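Keep the model open beside the text.

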Amino acid sequence: MDWRLTVLSLGAFAGSMESFVLPGLLPLIGADLGISMSQTGYIVFAYSLAYAAAGPVLASLFGPADRRRTLAGAEFVFGCSALFAAGMPTLALIIAGRLLLAGAAALFTSLAQATAIALATTGFRGRAVSIVVTGSTVAIAVGAPLGTLLAAQFGWRVVYGFVGALALLASAIMWLRLPSGIAAPRLSLRERLGVARLDGMPAALLMTLLYMTGSSMATIYVAAISREVAGMPPAMLPVVLLANGLGAVSGGIVGGRLVDRLGPFPTFVINAVSAIVVLIGVSALQL
């Protein structure tokens with residue numbers, strides 16, 4: 001295994017940990033700033049819009065550039081943005097930090113897997129991509145609950161400081177160890193967005209949008225749901241996030257096998273129906 005792939009995995013871990021630990025931090029952020037839980041949701045909303053808009057635009061601008069400089073630079077901006085958000089006293093400034101963070105995360109994500117393929121030899125490219133993706137998987141399963149546990153002891157700002165420091169470390173290692181000269185052909189924004197016109201793609205994008213919108217609402221406010229609706233003590237929140245992470249890992253494994261056996265659409269239907277049942281169960285907690 002090329003150990004340089006683990007550096008890309010570390011960058012993916014930092015980005016995914018920041019995203020998946022945030023739902024557990026929202027009550028702490030709200031209490032610290034003196035705002036409501038609904039207001040803290042703007043932190044997530046602004047990030048989501050920026051991430052979606054920045055992805056294709058930044059990939060078009062920086063896709064042909066040297067990957068070592070681009071990936072290290074994106075991770076550096078990510079780390080600085082996390083440290084900026086950790087030190088800000090107002091909601092508006094925290095949102096500003098996450099907007100910068102979203103752009104850096106979108107750029108890193110769009111290029112990291114392609115870089116892993118470029119680093120791998122023929123016959124090992126699938127495993128190379130899986131190593132990078134493992135960083136995100138570990139962040140969901142382990143990083144988020146550990147971050148929430150750390151926040152309960154030392155505050156949410158310490159967690160953001162840790163994520164920022166981790167990203168800066170990954171950026172430095174990428175700059176020092178990734179080879180220069182890896183690049184890709186320049187594709188315009190129109191060419192990148194043109195993929196959406198392929199047969200079946202509009203329906204797939206719409207299904208993904210609706211599915212993620214519905215499921216993310218419960219995920220974003222998981223702390224409020226577990227504490228205020230289900231009546232769990234704050235100490236149980238890391239356990240809830242651990243269960244979410246284990247479910248994400250096992251769901252990815254089972255989902256892959258179902259796609260191979262049943263095909264993508266039946267697998268999506270099974271997934272969607274399962275999500276509906278779970279969300280109805282969460283809603284029933286309020287009855």
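Which residues is Leu 279 in contact with, leaving aside its neighbours within four places in sequence? They are Gly 214, Ser 215 and Ala 218, where contact means heavy atoms within 4.5 Å. This is a predicted model, in which local features need pLDDT of at least 70, side-chain atom pairs count only at pLDDT 80 or more, and totals for chains, interfaces and linings use all residues. Residues are numbered from 1 along each chain as its sequence is written, and side-chain values use heavy atoms, with hydrogens and water left out.

Leu 279 lies in helix α11, residues 264–284. Its relative accessible area is 29%, so Leu 279 is partly exposed. Buried means under 20% relative accessible area, exposed over 50%, and partly exposed in between, with a 1.4 Å probe and protein chains only. Tyr 221 is 58 residues away from Leu 279 along the chain, and their C-alpha atoms are 13 Å apart.

Now the whole chain. The protein has 11 helices and 0 strands. Helices (H or I, at least four residues) and strands (E, at least two) are DSSP runs, numbered from the N terminus. The radius of gyration is 19 Å, close to the 19 Å of the globule rule for 287 residues, so the protein is as compact as a globular protein of that length. That radius is taken over C-alpha atoms, and the rule is 2.2 Å times the number of residues to the power 0.38. The C-alpha trace spans about 55 × 45 × 35 Å along its principal axes. Of the 287 residues, 39% count as buried. Among contacts between residues at least 6 apart in sequence, 84% join residues at least 24 apart.

Ile 29 is in contact with Leu 22, Ile 43 and Trp 156, leaving aside its neighbours within four places in sequence.

Two arginines meet aromatic rings. The charged end of Arg 68 sits over the ring of Trp 175, 4.2 Å from its centre. Arg 98 lies over the face of Tyr 47, at 4.0 Å from the ring centre. A charge sits over a ring if NZ of Lys or CZ of Arg is within 6 Å of the ring centre and within 35 degrees of the ring normal.
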